[in-house]
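Have the model open beside you as you read.

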Amino acid sequence: MHSKIQTLERFKIVRLIVAVYRLRAVRALIPIAIIALVYLEGQHELKQVHLGLILRELKRVPAEAIAQMMGVALLAVAVMSGYDYLIRRHFRLNIGGWSTFRYSWIANTFNNLIGFAGLAGVGLRTLLYKKSGIPAAVLTPAIVFLSPLMITGLSLLSWGNIIGLLPAAALLHKHHWLVFAVWGMALYLPFFIIVQRSSLFARWINRDQGRTPWLTVGASVGASFLEWLFAGITFWTIGNHLLGGVDFVTVFSIYVIAAIAGILSMAPGGIGAFDLIALLGLTQLGYRSDQAMAVLVIYRLFYYLIPWLIGLGLAALEIGLQSKKDPDRSTANIEPSLNRWQKIWGWPGQYTFLSDLGVWALGKLVLVSGLILLLSAATPELLYRLRLTEDLLSLPVMRISHHLSVLIGFMLILLSRGISLRVRRAYVWTSVLLFVGAVFTFTKGFDYEEALFLLLVALILWISRARFYRVSVPVSRQNTVWWLALTTFIALLYYWLGSYAHRGFLKHLPRGVDPEWLQRHSNVAVTAAGGLVFSWILLTMLFTLRPNHKVDELFADKDMDRLSKFLEGNPGNALTHMLFLGDKSFYWAQSGKVLFAFSRARDKLVVLGDPLGPLDLINDGISEFRQAADLYGLAVVFYQATPAFLPVYHEQGYRFFKLGEEAMVPLANFTLSGKRNSDLRSVRSRFEREGYVFEVVASPHSEALLDELRRISEEWLNGRKEKGYSLGWFKPSYLQLAPIALLRSKEGAVLAFASIAPGYDGGNTVSIDLMRHLKKTPNGTMDYLFLRLLEWAKEQGSSRFNLGNAPLSSVGHNSGALREEKLAHLIYIRGGHWYGFSGLRRYKEKFNPEWEPRYLAYPAAVTLSILTLDLVRLVSRYPEEGKDRK
């Protein structure tokens, strides 16, 4: 097989085709080109479509016909569960029948609406089945088996078009390119059967269980055939009711051709291509464009949108089965336990915490509720309902209800963000607004359908109320701008739809009908602008999505006295001395026995180094800290984590990125003898011969000395701003806490200095903290300062001297490294212009250190690239101007 591929690749044309196909931009152009072609073919019919006429056609449909069309559409969606029952039987999946149906409905309705070449269905099935305990080794072949068979039924129906059982000659004759589309789809079926029966498929997908049985192949094609057959029946049923009796075979044939065009366009739900081809086919039968478009609107509503809303509800209530891999994950305690309603829903399975899919679905249900309120307010109500409402209520009440419905619609759209993030106050306000919105839909036009939907969403929220436990979530500037842009776009869309729909509706009213409410309809632009502005004002005033001030109180502990007492009984690390800078907050876990020192970077709490405290309490302490942070939508990240704590972080579900390596000089073996250290001996001899003096000054330091050191520091900075967080800066009160090493000229002037940071481990480790020197100093000044510091530390009885970090050192140099680490390695090699990464490591190598790796530990939900930017901003923002300088 490999040799055949190599033979084919020798031909330049083959290599050219493969190269072109691999270009994502070219692949994205394919659906755009197909939709553009269809639009050009049907632009004449599209020009004859009028929104007002479509609304008139939709208003004429009786309730009995709506019920029948809805029932057929839901049945057609239910038939699609045959796929999941097929893989359940073929791959012997250990899952109940009712769960299979629920998972199928959720995956298929999302896939119908969102699409993305089937990726939506694949992703949701993977998530749902994994929650049910299906191993990945079994699930992956099942998903791969399912994906290609979904269009085999349409391919079979294409043969019906070709041999004349499903005649569509007029449509194919007028638009010749559709003939190639039909033949291409028809040839897919024999290709599918050949692949299914191949030995390669048997080895890779069937896991060496033999070739796929003919019965399974037939069942696969049969399941797909039933899907497309019932979808076509749904399309015919809607057309039969709206067009006044149509031939089944003719309309079904048009549906098949339109479905083929929709599949080839690769657009979600075939939107655009399917609709235009169906519109062309129906208008060829003599129906008006507005009648044909009404059929398409109802079809999209009943077959796609309403089943998807049901799928949203199912996903919001869905309870995954207990994971068999790690049932005791400590992070699971972040979510509250299930209530009685959730347990009833999941019966008789094992109960566990709701999946993230459910939270996302709840937010989208609230978003859809807001959009439905706006859509209802933008389009005219049924005529008989307007008359009934006018008889029961006064015109001012109807007008106020209309305005408030728009306002509530915009507020629900904004609150959907808080629902997805599990904010408790967002749940409370959303529940109230859903109930009030249901009332106003009655009083503005007796729209009981919208009211029932809003009440249903409110019920689902109440059933899931235990999931809304967060006090608040961070609100970033980027998110605020995004939601402002989204709601502004929705307001503009509301204005356009409301103005156009009412003009068309009034234009085509029967003679003599003159309802007061329609004639005195308020200005749509004012309603849209008012709803948008007041919703933002109200939510801002209520602080629904704004981080609660309590989060600042909870994480505002900077008690240095408590820190000093804690370090008397607990060992620290090389970064502990930086906690006295005052820029970090403290969280005391496990009754004050475990300490986390952190700073906040947007929605992340970045802990400097490892937690401090007894090792047996660290794991529980991390869980406690993460739960406290999660109440406010914050993630806990560990910066410069050491290898000793990686097993604990791994148990917490953290991912790792290597930041670099720390240079540790073992003082017991430190010596200047030997050929390798000849340069260092020369530096020492030269500085001693020229009369330079090294000394270590113990605290407290005089004001005169600190003023002299400040001048050196400012000259060294040369106008640059101080860095912070993991780097020390010139702060007199901080420098008073430890000795300072000085290098003086023979005249007694200080040329360079380095503050010394104790390791808080019984004197075992000493580190360099702040290092500054004058511009005009002899070559080798810092070498001599380091040498004398190493000798001083050895004389003090210390066993290790920390020379500091070499960022990105030994990161991503192996072929099997992660993509992000390989990029970091490239920066390490090529980034000397900005920082000098490799040069810094070479400089520290001359002191013969032992290199210890340092890591970034972060939760899986955090994006590494965004986290990196947040860390860069964190290190760069301290100290603030005029702050922490004393």
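How are α5 and α15 oriented to each other, roughly parallel or roughly antiparallel? Before the answer, a word on what you are looking at. This is a predicted model, in which local features need pLDDT of at least 70 and side-chain atom pairs count only at pLDDT 80 or more, while totals for chains, interfaces and linings use all residues. Residues are numbered from 1 along each chain as its sequence is written, and side-chain values use heavy atoms, with hydrogens and water left out.

Two packed helices are described by the angle between their axes and the distance between the axes. Helix α5 (residues 63-79) packs against helix α15 (residues 214-243) at an angle of about 170°, and their axes are 8 Å apart. The two are therefore roughly antiparallel to each other. (Angles under 35 degrees count as roughly parallel, over 145 as roughly antiparallel, 65 to 115 as roughly perpendicular and the rest as oblique; axes are lines fitted to C-alpha atoms, for helices over the stretch in contact, and angles run from 0 to 180 degrees between N-to-C directions.) On the α5 side, the residues in contact include Met 69, Val 72 and Leu 75, and on the α15 side they include Phe 230, Ile 233 and Ile 238. Contact here means heavy atoms within 4.5 Å. By type, the residues of this contact divide into 13 nonpolar, four polar and one charged. In this count Ala, Val, Leu, Ile, Met, Phe, Trp, Tyr, Cys and Pro are nonpolar, Asp, Glu, Lys and Arg are charged, and the others, Gly among them, are polar.

Now turn to another pair. Helix α6 (residues 82-90) and helix α7 (residues 97-113) pack at about 130°, again with axes 8 Å apart. That angle makes α6 oblique to α7. From α6, Asp 84, Tyr 85 and Arg 88 meet Gly 97, Thr 100, Phe 101, Ser 104 and Asn 108 of α7. The residues of this contact divide into two nonpolar, four polar and two charged.

Stay in α7 for a moment and find Thr 109. Is Thr 109 buried or exposed? Its relative accessibility is 1%, so Thr 109 counts as buried (buried means under 20% relative accessible area, exposed over 50%, partly exposed in between, with a 1.4 Å probe and protein chains only). A polar atom of the Thr 109 side chain lies 3.2 Å from the backbone oxygen of Ile 106. Leaving aside residues up to four places away in sequence, Thr 109 touches Val 77, Pro 307, Trp 308 and Gly 311.

Next come some backbone details. Most residues other than glycine have a negative phi, and most peptide bonds are trans. Gln 590 has a positive phi, near 55°; this residue lies in the loop between β1 (585-589) and β2 (594-601) and is partly exposed, at 21% relative accessible area. Gln 640 also has a positive phi, of about 65°, but sits in strand β4 (residues 635-641) and counts as buried at 10%. The peptide bond from Ser 699 to Pro 700 is cis, with omega near 0°, and Pro 700 is found in the loop between β6 (693-697) and α33 (703-717).

Finally, step back to the whole chain. It has 38 helices and eleven strands, where helices (H or I, at least four residues) and strands (E, at least two) are DSSP runs numbered from the N terminus. Of its 886 residues, 52% count as buried.

Notes: A polar contact is a pair of N or O atoms within 3.5 Å; within protein, one must be able to donate a hydrogen and the other to accept it, and residues adjacent in sequence count only if both atoms are side-chain atoms.
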